[in-house]
Amino acid sequence: MPTRAFAAQSASSPLAPMSIDRRSPLASDVEIDILFCGVCHSDLHFARNEWGFTQFPVVPGHEILGRVTRVGSGVTRFKPGDLAAVGCLVDSCRTCASCKAGMEQFCTGGPVFSYNGPDKHSGGMTYGGYSEKIVCDEAFTLRVPSNLDPARAAPLLCAGITTYSPLRHWGVGPGKKVGIVGLGGLGHMGVKFARALGAHTVLFTTSESKAADGRRLGADEVVISKDAAALARHAGSFDMLLDTVSADHDVNAYLSLVKLDGTMVMVGVPPKPQPVAVFSLLMPRKNLAGSLIGGIAETQEMLDFCGRHGVMCDIELIRMQQINEAYERMLRSDVKYRFVIDMASLKG
Ligand code: NAP
Ligand code: ZN
Ligand code: ZN
């Protein structure tokens, strides 16, 4: 089916309209009319080939929420009219140990990402959510709690799960001191989740103008990270730090804040390697780790958690045609705190 979308044709070209082909729903497929799609910094890294492995053209977008229009004959959990969502994953091998353990993002056969992944149906690459519709296997389609505002729920599909998963994995809860580094799309959800899980939550931001918002979003303390003395007051005190920064920064300065056997988890993916001094890891002993989105069951758990606790993203709604300007603002850390595309603008 011809489908309107926005794509980057090369690392240096702005995103522009492009017609893509979506398959008609197969037996296990759900067809979704996309209402909203969040704008993740990964979309920008991909569109500009900052990680070096983009295949063009690329249609970014993996925070996809919409209404079901058609379902295949074997679909049991969705019907036309339902709200449904698709995140970063649309398929995996489903048989390896990771898949069986509900960690499809670590599929050893290769997870199929929502965009720029090998599409086993078309033979080409998958196309993401900057488009009017998507067709996704029911097994990778998420249910959206009815009390969540659809536009404010869309970024949960990446920014939400990418922060929820490590906070849960490393046992964040009451009595734990957690630091969130960077107040962007991921960071603002990290603050909300750390607070909702009951941890003492400290936000580290380079932007003084975000301090009041940091507290409003749930941080118990806000530290302006350019202030070395303010940083030093927290030396060796964190059970966990979640680093969401998208660009070059001093990882060692943050490692010095982690306590004995605490963990610093990197989720931000700056295009260039970030130097780590071994001394930062051994006095006292501590862990440096990474985390990648979350599996399908955990993403559903996160959405249900948000439904129960009323957790949603703080967003700025934009038209599809504003995407290139939105990318420039994201590079200036000028987002409060996630751009979400109103997909009606693409159809109108
Ligand atoms: P974002 O909204 O642009 O937020 C990034 C934040 O990092 C900014 O708001 C800013 O916060 C801070 N920052 C930016 N440049 C900085 C610099 N030079 N030094 C220090 N701080 C800086 O991006 P996002 O969508 O949250 O994504 C963040 C990163 O996570 C990206 O690299 C993205 O690709 C990655 N990501 C990873 C996963 C995963 O599964 N691991 C999933 C999604 C995204 P302040 O203004 O508060 O300092
Ligand atoms: Zn993302
Ligand atoms: Zn697998």
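Reply: A residue counts as near the ligand here if one of its heavy atoms lies within 4 Å of it. Keep in mind that this is a predicted model. By that cut-off, 30 residues surround ligand 1, and the closest are Thr-205, Thr-206, Ser-207, Lys-210 and Arg-338.

Let's start with the polar contacts. Thr-205 puts a polar side-chain atom 2.5 Å from an oxygen atom of ligand 1. Lys-210 also faces a ligand oxygen, with an N or O atom of its side chain 2.6 Å away. With Ser-291 it is the backbone that takes part: one of its polar atoms sits 2.9 Å from a nitrogen atom of ligand 1. As for cover, ligand 1 has 920 Å² of accessible area on its own, and the protein covers 90% of that.

What is the shell made of? Its residues split into 15 polar, 12 nonpolar and 3 charged. In terms of helices, H1 (41-47) and H5 (185-196) each supply at least two residues of the shell. H1 gives the most, with 3 residues.

Now zoom out to the domains. The domain assignment gives domain 1 (2-158 + 294-347) and domain 2 (160-290). Why is ligand 1 said to lie between them? Because both domain 1 and domain 2 give residues to the shell around ligand 1. The C-alpha centres of the two domains lie 26 Å apart, and the domains touch each other directly too: 24 residues of domain 1 are in contact with 25 residues of domain 2.

For domain 1 and domain 2, the buried area is about 2000 Å², with carbon and sulfur atoms giving 59% of it. On the domain 1 side, Cys-158, Phe-305 and Tyr-337 supply 30% of the area buried against domain 2, more than any other three residues.

Most residues other than glycine have a negative phi, and most peptide bonds are trans. Asn-49 is not a glycine, yet its phi is positive, at about 50°; Asn-49 is in the loop between H1 and E4. Pro-57 is in the loop between H1 and E4 as well, and a cis peptide bond with omega of about -5° joins Phe-56 to Pro-57.

Another cis peptide bond joins Met-283 and Pro-284, with omega about -5°. Pro-284 is in the loop between helix H9 (279-282) and strand E15 (287-290).

Technical notes:
Residues numbered from 1 in each chain as written. Chains lettered and ligands numbered in written order. Predicted model: local features only at pLDDT ≥ 70, side-chain atom pairs only at ≥ 80, totals over all residues. Heavy atoms only, no water. Polar contact = N/O pair within 3.5 Å; in protein donor to acceptor, adjacent residues only side chain to side chain. Areas by Shrake-Rupley, 256 points an atom, 1.4 Å probe, with all protein chains shown as cover. Helix = DSSP H or I, 4+ residues; strand = E, 2+ residues; numbered from the N terminus. Nonpolar A, V, L, I, M, F, W, Y, C, P; charged D, E, K, R; others polar. Domains from an automatic or database assignment. Contact = heavy atoms within 4.5 Å. Buried area = accessible area lost by both parts, 1.4 Å probe.
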